[in-house]
Amino acid sequence: MTGTLTRRDFLKAGGAAAGGLTVAFLVPAASRAAQAVEPAAPFAPNAFLRIGSDDRITVLLSHSEMGQGIWTTLPMLIAEELDADWSRVRAEHAPAAPAYAHAVFGMQMTGGSSSTWSEFDRYRQAGALARALLIQAAAQRFGVDPSQCRTDNGVVHAGDRKATYGELAVAASRLPAPGPIPLKDPRDWKIIGQPRRRLDGPEKVNGRAIFGMDVQFPGLLTALVARPPVFGAKVRSFDAARAKAVPGVRAVLQVPSGVAVVAEDFWAAERGRDALAVAWDLGPNAGLDTGSLFQEFRRLAATPGKVAAQAGDAPSVLAKASKVLEAEYAVPYLAHAPMEPLNCTVKLGPDSCEIWSGTQFQGPDHQAAARITGLKPSQITLHTVFLGGGFGRRANPTSDFVTEALHVAKAAGRPVKVVWTREDDIRGGYYRSGFLHRARVALGADGLPEAWQHTLVGQSILVGTPFEAMMMKNGIDPTSTEGVADSPYLAGVPHHHVSLHSPSTGVPVLWWRSVGHSHTAFVMESLIDELAHAAGVDPLAYRRRLLQAHPRHLAVLELAAEKAGWGRPVAAGHALGLAVHESFGSFVAQVAEVSVDQGRPRVHRVVCAVDCGLAVNPEGVRAQMEGAVVFGLTAALHGEITFAQGRVRQGNFHDYPLLRINEMPRVEVHILPSTAKMGGIGEPGVPPVAPAVANALFLLTGQRVRHLPIRL
């Protein structure tokens with residue numbers, strides 16, 4: 001949806017009852033059609049903005065705050081058009097309701113680095129409408145024409161008279177909605193584009209912020225579930241006697257995902273689960289093994305796959321070429337491992353259901369609750385709480401952890417919080433699929449690629465989900481090939497052929513921060529580096545030649561290189577590596593300064609240049625780039641999920657480590673001024689990290705890193 005909302009898209013709620021003005025949206029027809037839940041109610045449940053008589057301005061977020069900064073960025077959009085006093089602005093998560101459906105995707109969700117660009121027009125429209133109503137109310141109070149009124153910092157002025165928004169809120173709520181409202185000229189922006197500190201910062205520092213794990217009320221029990229040790233295994237039988245003997249254990253119940261131990265607190269539930277004896281039918285995945293899995297990937301890579309992109313006749317040119325580079329790259333399965341383990345609280349009554357969840361998928365979760373409980377959607381309330389990290393794990397089309405909690409609460413007949421330990425999630429969750437790439441590239445006499453054949457093998461995250469029909473064409477999962485099939489490098493190669501195998505292995509897979517770009521950038525930027533060295537050309541100069549038709553790639557590349565001192569001497573034993581990649585509509589280049597310390601890579605500095613179009617909150621953009629470097633380095637240096645005898649071998653941060661503070665490099669972020677179409681920012685900083693580090697290591701060691709995590 002674009003910024004074409006008119007007065008028919010808005011409803012004003014009866015703000016008098018709430019002591020202020022409420023502005024809400026009707027659901028656009030296209031989005032409403034995509035909903036399986038009831039139409040939007042016209043008042044407070046669908047409100048995006050409330051102005052209290054105390055001048056407090058509350059913005060309701062249709063998206064989830066999971067660390068990406070939209071708790072601040074989205075209110076900035078409303079505050080700008082409202083001419084609000086920023087010190088009076090606060091935010092809340094909106095309830096699950098059709099009015100809060102994603103403006104583009106048609107269901108309430110958070111993902112794809114889309115929150116800010118997708119809401120850019122809708123949230124500004126909300127602020128502009130509220131401002132127009134407040135001006136009308138002020139004009140009536142002052143006995144002047146609205147054109148004689150102006151707003152500034154939460155106050156309406158007319159000559160020497162003035163009134164705060166809070167003083168006008170009730171009167172404004174009784175006015176009819178005005179006609180189409182023009183938005184501000186960007187030259188008049190005072191808030192958008194200016195760095196703002198996070199509105200959620202104080203709450204998270206002083207402990208008032210409520211995460212899912214913090215939800216507590218009288219009568220709430222805690223449950224842990226004994227889940228299958230092997231993907232797809234089923235409960236054959238279980239003996240609950242010892243578990244029930246643990247003090248505090250209230251019930252032991254079989255649910256679709258396993259056997260739940262319900263107790264008065266977490267520790268009783270855990271001890272009860274430890275005492276539980278479950279016999280499993282392990283099913284067909286009992287022999288799952290990482291080595292054999294990638295051996296099968298390797299076999300498939302040697303066979304024709306489904307064509308994702310092609311031009312010219314790559315095989316013929318490769319057959320005749322005098323210089324061909326062949327390479328196989330592989331990346332492992334990865335867990336999301338959010339710092340706050342998964343959890344969900346459910347309070348189920350005969351005519352109502354309340355859910356507290358740190359979820360990225362309110363829409364699908366709400367619908368799942370209706371299916372499981374048999375209640376009407378209007379009888380189900382989903383409270384979104386802060387997410388202690390998501391990275392895609394809490395945006396599951398199966399609503400797995402919410403669905404499970406609903407089943408446990410239904411069986412228990414009591415309010416229950418189902419908690420996943422970190423081991424539960426790392427050993428029995430969902431994963432970024434491992435991928436194997438095989439590439440053959442023919443170099444012409446000028447050293448540039450003239451033919452490129454590339455095969456990818458890895459699991460599809462779309463097959464079997466509601467997104468399959470929507471997003472897949474000709475059997476190609478675009479999230480597997482993004483970054484290769486649409487690579488700017490391949491666009492300039494006259495003969496290229498990209499194919500894909502999407503094997504089914506039994507391992508549950510899901511999107512993971514930056515999705516397909518998380519592996520394709522590593523492979524493509526490493527291959528380009530290989531080609532540059534094979535051609536005897538500086539890697540920056542080589543990319544300049546290949547990216548002439550891609551000015552935004554070039555611009556961030558040049559900026560990062562300049563700020564990093566590319567071409568100038570570095571400290572003894574250090575080397576620089578670079579990479580550039582586009583994802584989610586944004587362009588990021590990174591230069592990593594690396595050394596080797598006792599046989600292990602040491603990253604000292606990462607210089608990052610980003611063009612995301614308009615940077616609504618530059619401070620937030622910097623924070624996302626810094627966090628992306630942590631996330632990307634974690635995967636590059638440590639991340640690996642392996643399988644043996646059908647079981648995940650890792651379990652917690654001791655054997656699936658995150659980047660430690662002593663491993664953290666200095667990160668410099670440079671934001672390119674841009675008026676281009678806005679892109680995402682939560683994910684695009686991840687993809688270039690691994691190849692930048694790997695390319696620097698090649699200069700230091702002569703060893704080409706073709707497998708992650710990096711092992712020298």
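Is cysteine 612 buried or exposed in this predicted model? At 2% relative accessibility, cysteine 612 counts as buried.

Figure 1. The closest cysteine sulfur to that of cysteine 612 belongs to cysteine 608. The two sulfur atoms are 10 Å apart, which is too far for a bond, because a disulfide requires a pair of cysteine sulfur atoms within 2.5 Å. Cysteine 612 is a buried residue, its relative accessibility being 2%.

Figure 2. With the 2.5 Å criterion for paired cysteine sulfur atoms, the number of disulfides comes to zero.

**Figure 3. Packing of helix α10 with helix α11.** Helix α10 spans residues 362-373 and helix α11 spans residues 400-412. Their axes come within 10 Å and cross at roughly 30°. The two helices are therefore roughly parallel, since angles under 35 degrees are assigned to that class. The crossing of α10 and α11 is right-handed. On the α10 side, the residues that meet α11 are Asp365, Ala368, Ala369, Ile372 and Thr373. Their counterparts in α11 are Val402, Thr403, Leu406, His407 and Lys410. By residue class, this contact of α10 with α11 comprises five nonpolar, three polar and two charged residues.

**Figure 4. Packing of helix α16 with helix α17.** The axes of helix α16 (residues 517-535) and helix α17 (residues 539-546) come within 9 Å, with a crossing angle of roughly 105°. An angle of 65 to 115 degrees counts as roughly perpendicular, and α16 and α17 are therefore described in this way. Helix α16 contributes Glu525, Ile528, Asp529, Leu531, Ala532, His533 and Ala535 to the contact. Helix α17 contributes Pro539, Tyr542, Arg543 and Leu546. Seven nonpolar residues, one polar residue and three charged residues make up the contact of α16 with α17.

Figure 5. Serine 499 lies in strand β24, which covers residues 495-501. With a relative accessibility of 3%, serine 499 counts as buried, because the class takes in values under 20%. When neighbours within four places in sequence are left aside, the contacts of serine 499 include Gly305, Lys306, Val307 and Ala308. Serine 499 is also in contact with His454, Thr455 and Leu456.

Definitions and conventions: Residues are numbered from 1 along each chain as its sequence is written. This is a predicted model: local features need pLDDT of at least 70, side-chain atom pairs count only at pLDDT 80 or more; totals for chains, interfaces and linings use all residues. Side-chain values use heavy atoms; hydrogens and water are left out. Axes are lines fitted to C-alpha atoms, for helices over the stretch in contact, and angles run from 0 to 180 degrees between N-to-C directions. Helices (H or I, at least four residues) and strands (E, at least two) are DSSP runs, numbered from the N terminus. Angles under 35 degrees count as roughly parallel, over 145 as roughly antiparallel, 65 to 115 as roughly perpendicular and the rest as oblique. A crossing is left-handed if the near helix is turned anticlockwise from the far one by less than a right angle, and right-handed if clockwise. Contact means heavy atoms within 4.5 Å. Ala, Val, Leu, Ile, Met, Phe, Trp, Tyr, Cys and Pro count as nonpolar, Asp, Glu, Lys and Arg as charged, and the others, Gly among them, as polar. Buried means under 20% relative accessible area, exposed over 50%, partly exposed in between (1.4 Å probe, protein chains only).
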